[in-house]
Amino acid sequence: MTNTAETPANEDDDDWEREPDPSDSLRTFGAMVQALREHAGLSRAEFAEIVRFSKHTVESVERGRRMPDEAYVERGEGATGNTGALREGAKHLTRRDPGLAAWFRQWARLEKKAVILGTYECRIVPGLLQSRGYAYTTFANHMPPPSEDQLEAQLNARFNRQQIIRDRPNTEFSFIIEEYVACRRLGGVETTREQLDLLIELSELRNVTVQIMPTETEVHAGLGGPISVMELPEGKRLAYSEGQESGRLISDVKQVAVLHQRYATLRSQARNPLDSVGLLKRIRGAL
C-alpha cells in the first residue's frame with residue numbers, strides 16, 4: 001500500500017510520495033492556526049465547519065501545504081477570538097513555485113529530469129500543450145474564481161513548465177487526448193483554433209507524439225481517469241494521479257507497473273499519430 005507521508009520532502013530523497021517542502025512562512029502560519037484553534041478548544045472538524053472549508057483543507061493549511069484563502073483567514077479570525085494574528089501572519093506568506101498546486105510541485109520538478117513522459121487526459125488539453133488563451137480559460141473557470149494576480153502566477157508557472165518540451169529534445173513526450181476534449185470549444189472559437197494550431201505544431205516535433213482516443217471506441221483502458229507516467233535516467237519509473245483539489249505521486253512498484261501498463265494499452269487503443277494529426281486538422285478546418 002502506498003504511503004503518503006505528511007512530513008516535507010527533500011528533492012534528493014527517494015521518498016517520492018512525500019508532500020513537497022512548504023515554505024517556512026506557510027509552515028509557521030499553519031502552526032499558528034493550529035495553536036489558536038486548539039486554544040479555542042476546537043477540533044479540526046469543528047473549525048472546518050466554522051470557516052466553511054473541508055477538514056482536509058484545514059489540515060493542509062495547518063501542515064503548511066496550502067495557501068489559505070482570504071475568506072479562510074477572516075473566518076479563522078472570528079473562530080479564534082479576533083486577535084488579528086492570522087490577518088497579520090497572512091500578509092507575510094510566501095510559497096515555493098508560485099502558480100503550481102502544492103500537490104503537483106514535486107512531479108513538476110521531476111519532469112525536468114525525465115527521459116520519458118506520458119500523459120493521458122480526458123478532461124482538458126494537457127498543461128504542457130496548452131495555448132495561452134486556453135490556459136487562461138482553464139484557470140479563469142476555476143471555482144472559486146482566482147484573482148488577477150493568481151491568474152498571472154498560474155499562467156507564468158504553466159509556460160515556464162512548458163519550456164521542457166523544447167529544452168529537452170532527447171526526452172520522449174507522449175500525449176493521449178480524448179477526441180471530445182479536442183472538439184470542445186473551451187474559451188470560444190478563436191481560443192479553440194489557437195489551441196488546435198498549437199497541438200498540430202507541437203505534434204510535428206520529433207520528441208512529441210500526440211494521439212487522439214476516438215469517442216466511438218468500444219474498448220478503453222483509461223476509464224479510471226487521467227494518467228501520467230514517467231521514467232527517470234536511472235530507469236526508475238513513477239506515476240501521478242490527480243483529482244479535484246488533490247494529487248498523488250506514486251512510486252510503489254506494483255502500482256506504477258499497473259499504471260504504465262494501462263498507459264501502454266491506451267497508446268495501442270488510440271488513433272495512431274498520423275491519423276490523430278489528420279483528425280485535429282479536420283476539426284480545425286470545421287471551425
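Reader: What makes Q195 count as buried or exposed?

Author: This is a predicted model, in which local features need pLDDT of at least 70 and side-chain atom pairs count only at pLDDT 80 or more, while totals for chains, interfaces and linings use all residues. Residues are numbered from 1 along each chain as its sequence is written, and side-chain values use heavy atoms, with hydrogens and water left out. Buried means under 20% relative accessible area, exposed means over 50%, and partly exposed lies in between, with a 1.4 Å probe and protein chains only. Q195 has a relative accessible area of 3%, and therefore it is buried.

Reader: Why is V258 called partly exposed?

Author: V258 has 36% relative accessibility, so it counts as partly exposed. V258 has its place in helix α12, residues 253–269, where helices (H or I, at least four residues) and strands (E, at least two) are DSSP runs numbered from the N terminus.

Reader: Which residues does Q195 touch, and what does its side chain reach?

Author: Q195 is found in helix α11, and, leaving aside residues up to four places away in sequence, it touches V125, L129, Q130, S131 and Y134, a contact being heavy atoms within 4.5 Å. The side chain of Q195 also reaches the backbone oxygen of L129 at 2.9 Å, which can be set against the definition of a polar contact: a pair of N or O atoms within 3.5 Å, where within protein one must be able to donate a hydrogen and the other to accept it, and residues adjacent in sequence count only if both atoms are side-chain atoms.

Reader: What puts the buried residues of α13 on the same side?

Author: In α13, S276, V277, L279, L280 and I283 are buried. They cover an arc of only 160° around the axis, which puts them on the same side of α13; the arc is that of the directions from the helix axis to the C-beta atoms. On the other side of α13, L274, R282 and G285 are exposed. An α-helix has 3.6 residues a turn, so residues three or four places apart point the same way. The buried residues of α13 pack against α10 (179–183), α11 (189–203) and β3 (208–213).

Reader: What makes a set of residues a nonpolar core, and which residues have the most contacts inside the largest one?

Author: A nonpolar core is a set of buried Ala, Val, Leu, Ile, Met, Phe, Trp, Tyr and Cys residues joined through side-chain atoms within 4.5 Å. The largest has 34 residues, and those with the most contacts inside it are W107, L129, F173, M230 and L280. Its largest share, five residues, comes from α11. A second, separate core of 16 residues includes F29, F47, A48 and Y72.

Reader: Where does pLDDT stay under 50?

Author: pLDDT, the predictor's confidence in each residue from 0 to 100, stays under 50 over residues 1–22. Where pLDDT is low, the predicted coordinates should not be read in detail. For the chain, the mean pLDDT is 87, and 88% of its residues reach 70 or more.
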